[in-house]
Amino acid sequence: MPTPLDELRNEAVRWCAAEAGRFEGLVSSSADPLTTDSLVRRAALAAAPLALRSGAWLQWQSAPGNADDETVLRILTLYASDVGVGRPQDSRGSVYLSLLRQLHLSEHAAPVARLVHDPRVADHHFHLPATLLAMSRRPEDFRPELVGADLCLRTVGLLPALRLVRQVHPQLVDWTAIDPSAARAGDELSGLQLCLAIVENGFDDGELARVRTGFQWAFTVLKRWSGSLFAELDEARDPAYEMAELLRHRAREGAVYHQVFAIAGRSLSDWLQDARTDPSELLAELAKSRLVKPGRSADSPLVNGLVSERGPMFRVFSPADLLVIRRWIDSLPTRQPEPEPPKRAPEADAVSAKLLATVMAGPVDDGREPGDIREAYHLLQQRTDTPAIRRFALDYVRGWLARSRHRMASDPQRLPDVWGREGLRPWLVEQHDRQGRDFEASATTPMPTREELIDSTVQLAPLTLIDGAWLQGFTDYEHAASEQGYFLFETYWDELGNGVPRLNHPLIYRQVLAEMDIKVPPTASREFAMWEGFRDESFELPVYWLSIGRFPRTFMPEILGLNLAMELSGVGGTYRRARQALKKYGFSTKFVDIHNTIDNVATGHSAWAADAVDTYLASLPVSHGAGAVAEVWERVRTGFRSLNPPSGLLARRAFRRARRASRSLATI
């Protein structure tokens, strides 16, 4: 028998087919190319808030503390497909942006946050994506509901309104890349199949009930939004509808300038003031005025003499505005019904209201800062912040970077003093050669004892079990497919085994610990942070990783430098040495073997890290001058050194001073 979720999916499929038919029928019944263009423009803009962020609600599901969880890895696999991992500007949202550009509708679409300022996109088009994005920032609270909502959207596939656009422009863009149910290029499974695998394997009965709740909520909101949009498009086939809409949008500014010009014995300024809420009377009077020749836009002063180069309204209307006005004038011989404002989506149902209220509630108070380094390690593994935890993380990063800057000029392993236009690849190869020579020179150095090897492996566990934590911020949708960020997201994706548990670095490391008869609690648990087998100092660098990973925009240069240091750190030398020690005592070498290969300096993570630095520096605007490049490069160098900062008394004093100064800034 079908489950309740199966029944919901079947209902969604039936609804989508019928709804798509309605939208496509709008075009089929229209013989006017201008009307068709208007329908395409409106449908594409209405879908933009959702389609430009397609899949973004999955962006925070992976965190350092759950990076070895199979359900999380499945979700990360689906998300990686959505963002086009390994390919810049190839997320589903990026492909949709290219559609908007082809349709000449992208003025406010990049960066996507500007879309809220586009007057052509009504508020209700943001309701569903805005709520999903808010929920994505509370992943621990809303994972089942988000997966349910995601399943709804992938079951529906290409939105019915966008099927209208595809009907008119079938070759304009790769529509399968926009369709969240379809497979991306090179993927074996479709988006829908990947999502179904998450639902079928990742939740118990109680959580499945919440998945259904998320599906039902998204389906309810989607149906209401689509119905409202259809009504709007149906009305917009009447040219008077768009003309009335244009009057509403421009009435406020226009009212300032037309006190003298009169229509029907009343100043145009007064007419425009009323048109801000109801333009119907002004529209009727305009149609009868000397400014308009019904049916003959080419002869109408409103769109020729008045807006010409010598006219008093030159450049007041955009080309798109003029197209709306001409279309309305040419339609005037036929009596038109009074236009109505676009219909708003109804109030959300009880499920929607409950979800939204929970999202908006936020932390009940400021929270408290971690009491010590171990508690910080535990609390920082969650994605959700409190203000107190965020302050702690920011202060810790600033202190750690101050420590890293201490006497940096005397460090023989530092990055070059000046970044050259030839980039970092030549330097990278030199460092690889040096590490190889160091390895050869260490051939006569005694191997650690078995006890020493086990102890060092245990003390590295708090660090290694959160592999990639410094890059967690690059799972954000806007970073994951960006020119600077896609290298870093792909690196993060690799560190977690590309969604495959047997390749997941934390899981591989736990297997080595198990071979050593060491069993540690789950990484995200409080018991792990308090485990007596760890020394306090083993948490210092991990807490830095967890802290800086929360600020991908603020500390982009430092993260780029840290990432380069991290990926280069063991290649050709340390990993080979560790392999010898592990092999001597009969332990698996898989962890060091996999790092020595994927971090290679030719095509691996080290090369990607160097390229990410070069891309970032080369992209700095020329207008910023050479000084800007030098300043950013210095921050990259600090980040590089932050993997292994000095540990002396003066360096630690610099750390404490910078933390205190950071705290003082927060109180100003």
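By class, 15 nonpolar, seven polar and 15 charged residues form the lining of the second largest pocket. Ala, Val, Leu, Ile, Met, Phe, Trp, Tyr, Cys and Pro count as nonpolar, Asp, Glu, Lys and Arg as charged, and the others, Gly among them, as polar. This is a predicted model: local features need pLDDT of at least 70, side-chain atom pairs count only at pLDDT 80 or more, and totals for chains, interfaces and linings use all residues. Residues are numbered from 1 along each chain as its sequence is written, and side-chain values use heavy atoms, with hydrogens and water left out.

**Second largest pocket**
- A pocket is an open set of points on a 1 Å grid over the protein atoms alone, with protein on both sides within 12 Å along at least five of seven lines; lining residues have an atom within 4 Å of a point.
- Closest to its centre are Leu45, Pro119, Arg120, Glu245 and His249.
- Helix 11 gives the most to this lining, seven residues (helices are DSSP runs of H or I, at least four residues).

- The largest cavity holds about 150 Å³.
- Leu50, Ser54, Gly157, Ile178 and Pro180 are the closest to the centre of the largest cavity.
- The second largest cavity holds about 60 Å³.
- Helix 2 and helix 14 each supply at least two residues of its lining.

Notes
1 Å grid on protein atoms, 1.4 Å probe; cavity = no way out; pocket = protein on both sides within 12 Å on 5 of 7 lines; lining within 4 Å. Points joined across faces, edges and corners; volume = space filled by probe spheres on them.
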